[in-house]
Amino acid sequence: MTLSFVVATVVVSAVLAGPLVPTKLRCDWKTDPLAIDDPSPRLTWIAKGEGSDRLVTAGQVIVASTKANLDKDIGDLWDSGKQPAATFDAVYKGRDIKPGQEVFWKVRIWDEDDKVGAWSAPAKWRKGIAGNWKAGWIQDPKVALPPSPPSMDGAAWVAHPDDTQTSDSPGHTRYYQVPFTARATKLLIAADDHFEAKVNGTTLAKGGYNQFEVVDLPSYRAGFNTLDVTVVNDKGNSGLIVRFLDKDGAAIDPSEITVGKEAKGPFVAAKKLVDYGGAPWGRVRAHVVYPMGPAAMFRKAFTVGKPVQSAILYATALGTYEASVNGQTVAGAGLAPGWTEFTKRAYYHAHDVTKSVKQGDNVLGSWLGDGWYSGYLAFTGRRFYYGGAPALSLELHITYKDGTKDTVTTGPGWQVAHGENLHNDLLMGCAEDYRLAKTGWNKPGYKADGWMTANTVAAPKIAIAAHPNSEVNRQQTIRAKSRTESESGVWVYDFGQNFSGVVRFKVKGKPGDTVTVRHGERLDNGKLYVTNLRAAKATDTYILAKDGVTTCEPRFTFHGFQYCEIRGVATPPEAKDVEGVVLHSDLPLAGTFKSSEPLLDRLVLNSDWSQLGNYLDVPTDCPQRDERAGWTGDAQVYIKSAYFNRDIAAFADKWLVDLCEDSPSPVDGAFPDVAPYLNMVGRGNAGWDDAGVVCVYQTWHMTGDTAPILQHWAALDKCCDYWASKAKDYIRPPGSYGDWLLLDGLQHSESIATAVWVRDLEYMAAMAKAVGKDPSKYTEQRDKVRAAWRAAFWKEGKIVEKGSANQSMYAVAIMTGVLEDDELQGASDTLAAMVKARGGHLSTGFLGTPEVLKALANHGHADLAFGAVLKKDFPSWLYQVKLGATSMWERWDGWTPEKGFQDAGMNSFNHYWLGCVNEWLYTYAAGINLNQPGWAEVAYKPYFTEQLGHVEASYESVRGLVKSSWTRLPDGSYEARLSLPVGVRAILDLPENATAQSGSFTMTKGKGIARSGEHVFLIPKK
């Protein structure tokens, strides 16, 4: 056998290399966190050192109560001793840490020759105060609590007796007649999907099914009148619910409702479907409009009598807050504490304000806004979704240099007033009247004459816990690239990038000038395009207070936009004076990707920008329109790409609580369509309901952390039972969405729904093994579901469902384990033929797109997969880039030169789901994947193509930086390079004719093992 096929080389000797050093010390994925409630947090680090074939064979962690003890190598809280393991982490197992206590830690590690390196640089964390929250809750006494909305309890949904009620029922139009008397003064009404209600030819109301309309009725003639309701059902369940109220609010339910299939009849008695509150509609709420109001300003003056050693501010709210000490605003962008299921949980953040607290007079202040708690929320169409007015709770813990302590908390004695903020809303925007500003209100010496006493209210009966992630913050600024005048006095600024955030600008004017800023993602004939925002106004307004230049920036809002429009200025700001302030959660860069195709590189950036634009505490679907909800279908198809783009471990920890702990149905365990849950949508839909299992599994794989599995196991297991309860003969119903936004074939596919169930059960079995649980429940059920799938949908080597199949069905089947090994090639060939029949284009939706490229490449069709990625005509990823996309679009055809804009009802230009192609680019094009959870072992299999000249990618894994690149040489051969961090090895899967040029590895016919260090391979042209 020649050297071309067997190589064993060590280029850099590990023996001669220096010691290993632990770096990037983190506690529960955060650097020096100020609030960790977990009594046994996970401590992680990355080992670095020169040379190849480097290993960590043991480690030691010490945790000390003081920095002095740590410097003396005294672990008075915990000394793990030398623990033999090739590890990069440890779980704290030391003495109890008191709430608010700061502790210090460091690590040292032993290498492959049992030589110990130096101690790491010190790190620290502070124990949180969950369970010891002492601060009271305060409110603005002028906030009017929303009145109780009228109730539909006792009313019933009705439909035509012939109408079937399933998710696949065809659409239709029905005509209802509802008699009522003049005693009725209000109408309550909802219908699935859309309705228009008239009396005597006059339209009274229009609406849908996710909220019921409340309509004042004019005075009608004595005796009976008739309400005519036209209901249009798009697909699936249909029905109407109606109630009348008298002047005292008493319910008047119709004695009879008739319905016809034609406007002129014949009419028959409507059939009762279910009482209000029953499935599938649940307890839809009233559409009641409550006016927006101002943010409140709270202040508390206090005196510090001794020199300060440290000061930590713990802050939370039902709403959003912007806290300050002596006029210095603490970190954040006014969107803390974020969005949770506020009926169960609110998070607090900790801020080090030591430098702000002074000996002498001090003031603790905070703005309080509506946020997700009290503002317009997603697509609910109303405010006060969680039922109450905003409330604030703060604790300032002061430690003096003499060791004594003091605490300042919200409660009695706090003052409150209103200032320049007129209203604030995440969807609608902000209004500021700078003439009303109270300069110096949050500093010592300010005279708070005329301020009110804040209301002290009972603490909510919910969990108060340290936020697993950081605040949403101002991450960067983007200066406007250009300014144009779209019409007289209307100035449009282009930032050259679609993002989430706000506009900060300098404007010259005079007192009383009103300046309006609107936001949009696209232009339409040079004018701002806002139709796709639906009900979100995304408008900020400023009233100037002085002559000269004013800097304007909104409070307690964010928008999704690339363009802004400024009106009301005599002298428009220069482009250089208009900045976009980018807002998102703290998500350090994890991956980089570059190639010889600039459009492909831009596509990868677009995916990353869409992730940043939607990762504001919750992984939302879009940041611009009146939706912005944590759609679970989007999250689960994108989760692995999300990890490759950004370090999302802490972010995922938070959202998995929203999804798995706070949102499942308490009755059946079904996961919701969105998390945090909103009752405007459903639960248990295939491809969306799977997010719990998929996202926990991928989090475990990408981080190696089994804690999320244990934390959410009960919820995951109950959801599996739910799937089994809804299946018929182990065939899973597709639910409401199916292969959402596909371009060809059956959208609601039982074969896809059942196949992904098989995959999920495989994930459950793997996770059970990882945490020492019995996997047999899941493996046995997997085998039964797999057998059912094959019996129902696999006929003579083809997938058959309702007489046909499409790309997604084959892609999902190939990648989920429902086919035998000897069937995979034929299935992939069939899939390839389907793609070729569409000119090399994909036609897949949400569930097929993440799998189709893998299904092709795994079985000899890598060039076809590359071709689909690199196509520049519709439909394709690069088509969007060619048209100027700077983020991912919701639809393949959000805008085309031929047709213009797609349906404005659902046409976001910042939707990350199509960015799932990033996973394929890292794991297939660049060839870096993982064989084991936590990146101890890399699967290295780059796919080479003549369609590209160069590919390179890097990923900062939990064990260090993994890098891969390949270049096509002039003679048609390929040079491939791989770099592995300390303690990581790669399983090589290269072409048989690959030869090793340098590195530390063993390889036979392209297969083998590479160890840590730098490696170079040559793949000759065949």
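Helix α6 is mostly covered, with 13 of its 13 residues buried, where buried stands for under 20% relative accessible area, with exposed over 50% and partly exposed in between (1.4 Å probe, protein chains only). The model is predicted, so that local features need pLDDT of at least 70 and side-chain atom pairs count only at pLDDT 80 or more, while totals for chains, interfaces and linings use all residues. Residues are numbered from 1 along each chain as its sequence is written, and side-chain values use heavy atoms, with hydrogens and water left out.

**Helix α6**
- The 13 residues of α6 (residues 691-703) should span 18 Å at 1.5 Å a residue, which agrees with the 17 Å between its end C-alpha atoms; the expected span is 1.5 Å times one less than the number of residues.
- Helices (H or I, at least four residues) and strands (E, at least two) are DSSP runs, numbered from the N terminus.
- Just after α6, G704 takes a positive phi of about 75°.

**Nonpolar cores**
- The largest nonpolar core has 178 residues, and those with the most contacts inside it are L678, M767, L853, W877, W920 and F1017; such a core is a set of buried Ala, Val, Leu, Ile, Met, Phe, Trp, Tyr and Cys residues joined through side-chain atoms within 4.5 Å.
- Helix α8 (residues 750-770) supplies the largest share of this core, 11 residues.
- A second, separate core of 28 residues includes F302, Y321, L368 and Y400.
- Not counting residues up to four places away in sequence, W877 touches L603, L842, T849, L853, A868, V869, M888, W892, L914 and V917, a contact being heavy atoms within 4.5 Å.

**A six-stranded sheet**
- An open sheet of six strands runs in the order β15-β14-β17-β12-β20-β21, with antiparallel pairing; two strands pair if DSSP finds at least two bridges between them.
- Its edge strands, β15 (202-207) and β21 (267-269), each pair on one side only.
- Strand β14 (residues 194-199) and strand β17 (residues 224-235) pair in the antiparallel sense over five bridges, and K198 stands opposite D228 in β17.

**Cysteines**
- The structure holds zero disulfides, a disulfide being a pair of cysteine sulfur atoms within 2.5 Å.
- The sulfur of C430 lies 10 Å from the closest cysteine sulfur, in C552, and is therefore too far for a bond; C430 is buried, with a relative accessible area of 0%.
- C622 is in no disulfide, as the nearest cysteine sulfur, that of C916, is 17 Å away, and C622 counts as buried at 0% relative accessibility.
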